[in-house]
Amino acid sequence: MFAYIVRRVLYAVPILIGVNFITFALFFMVNTPDDMARAQLGAKQTTPEMIAAWKQERGYDKPLFINLEAEGIAQITDTLFTQESIKLFKFDFGQSDAGRQISADIYERMWPSLAIALPTFILGLFTAISVALLVVLFRGTVLDTATMMLAVTIMSISGLFYIIAGQVLFSKLWHWVPISGYQPGVEGIKFLILPILIGVFAGLGTGIRWYRSIFLEEMNKDYIRTARAKGLDEIKVLFRHVLRNGMLPILTGVVVVIPTLFMGSLIMESFFGIPGLGSYTIDAINAQDFGIVKAMVFIGSVLYILGLVLTDISYTIFDPRVKLS
């Protein structure tokens, strides 16, 4: 397994370089270093000298990919892309274009993101699997049909509708929870209840349909017919065999998501005024802050690759027949 993990880490290097290269190319196709300097300094007060000094201070005066003024290998190494990429692979995110330490910002903002993402993920997973098991137990009945119709309806409505409707009903009309805001500690739970409930509800339709299809596929296999022939009732068949064997495909979608939870929800954090990493990324895009954008894209890619590796490892834990080689 150790050799497999090392090989996957080595495979990840060219992927991360490619993602970083595309991020650089796309960002600087839209923005020039002069535009970024004016955005940070203020368009009306800037002079060419101020822009040049700002670019030199942050390294934006260097060529992006190829330095034709340099000689030899320096044509590649003495560029913005190479120098910034080396820092990223050392997890040195440096300073934002506004002059703040990006690592400190990420550490500060990951906790509000986790405060929403973790409960939403756990409650959503537990609820969707429970409902899916219930409708599989009563498959072919009115309950099954009604639940599937409700699931499709939930999937068909935009998540923005649930956010706006939730804020209007639970905050503006009934005054049960604050409409937006964030506060650390126990006192801040009142700000988290509504976004968590909306996040769980919005994801139920997709989750129920997916888990139901997995469990139904297991129900039609030979070993289930054998279990029934031995006299096991449906509830024991469902929880002792179907749920356990259905965990393998479920892990594919679940484990890969876990490392990315701390990245936060762009839309949810923006609507509820939560200072997490999702809103941090949106603010950076609006401010054309390349330092933050490249750091967040790199972290997201690393976490996704980590999730894939964890998924493969979890296969061997839940199914001993699977061997990593």
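## A tour of the domain interface and its salt bridges

Domain 1 and domain 2 bury about 1,700 Å² between them, with carbon and sulfur atoms accounting for 74% of that area. The structure on display is a predicted model.

To the contact, domain 1 contributes 21 residues and domain 2 contributes 18 residues.

**Select Arg8, Leu16 and Leu88.** These residues supply 29% of the area that domain 1 buries against domain 2, more than any other three residues.

**Select Glu84 and Lys294.** One salt bridge is counted between domain 1 and domain 2. Glu84 and Lys294 form a salt bridge in which the closest N and O atoms are 3.1 Å apart. Lys294 belongs to helix 14 (residues 290-318) and Glu84 to helix 5, so this pair ties together parts that are 210 residues apart in sequence. Both Lys294 and Glu84 are buried. Across the interface of the two domains, one residue pair is found in polar contact.

**Select the helices on the domain 1 side.** Helix 1 (2-30), helix 2 (33-41) and helix 5 (80-89) each provide at least two residues of the side of domain 1 that touches domain 2. Helix 1 gives the most, with eleven residues. By residue class, this side of domain 1 divides into 15 nonpolar, three polar and three charged residues.

**Select the other salt bridges.** Side chains of opposite charge can pair when their charged atoms come close. The count for the model comes to twelve salt bridges, and two further examples follow.

- Asp105 and Arg100: the closest N and O atoms of this salt bridge are 2.6 Å apart. Asp105 counts as buried, at 5% relative accessibility, whereas Arg100 is partly exposed, with a relative accessible area of 47%.
- Arg139 and Glu234: the closest N and O atoms of this salt bridge are 3.3 Å apart. Arg139 lies in the loop between helix 6 (102-137) and helix 7 (142-156), and Glu234 in helix 11 (residues 234-255), so the pair ties together parts that are 95 residues apart in sequence. Arg139 is partly exposed at 32% relative accessibility, and Glu234 is partly exposed with a relative accessible area of 27%.

**Select Lys87 together with Glu84 and Lys294.** Salt bridges that share partners join Glu84, Lys87 and Lys294 into one network.

Conventions
Residues are numbered from 1 along each chain as its sequence is written. This is a predicted model: local features need pLDDT of at least 70, side-chain atom pairs count only at pLDDT 80 or more; totals for chains, interfaces and linings use all residues. Side-chain values use heavy atoms; hydrogens and water are left out. Contact means heavy atoms within 4.5 Å. Buried area is the accessible area (1.4 Å probe) that two parts lose on being put together, summed over both. A salt bridge is a side-chain nitrogen of Lys or Arg within 4 Å of a carboxyl oxygen of Asp or Glu. A polar contact is a pair of N or O atoms within 3.5 Å; within protein, one must be able to donate a hydrogen and the other to accept it, and residues adjacent in sequence count only if both atoms are side-chain atoms. Helices (H or I, at least four residues) and strands (E, at least two) are DSSP runs, numbered from the N terminus. Ala, Val, Leu, Ile, Met, Phe, Trp, Tyr, Cys and Pro count as nonpolar, Asp, Glu, Lys and Arg as charged, and the others, Gly among them, as polar. Buried means under 20% relative accessible area, exposed over 50%, partly exposed in between (1.4 Å probe, protein chains only).
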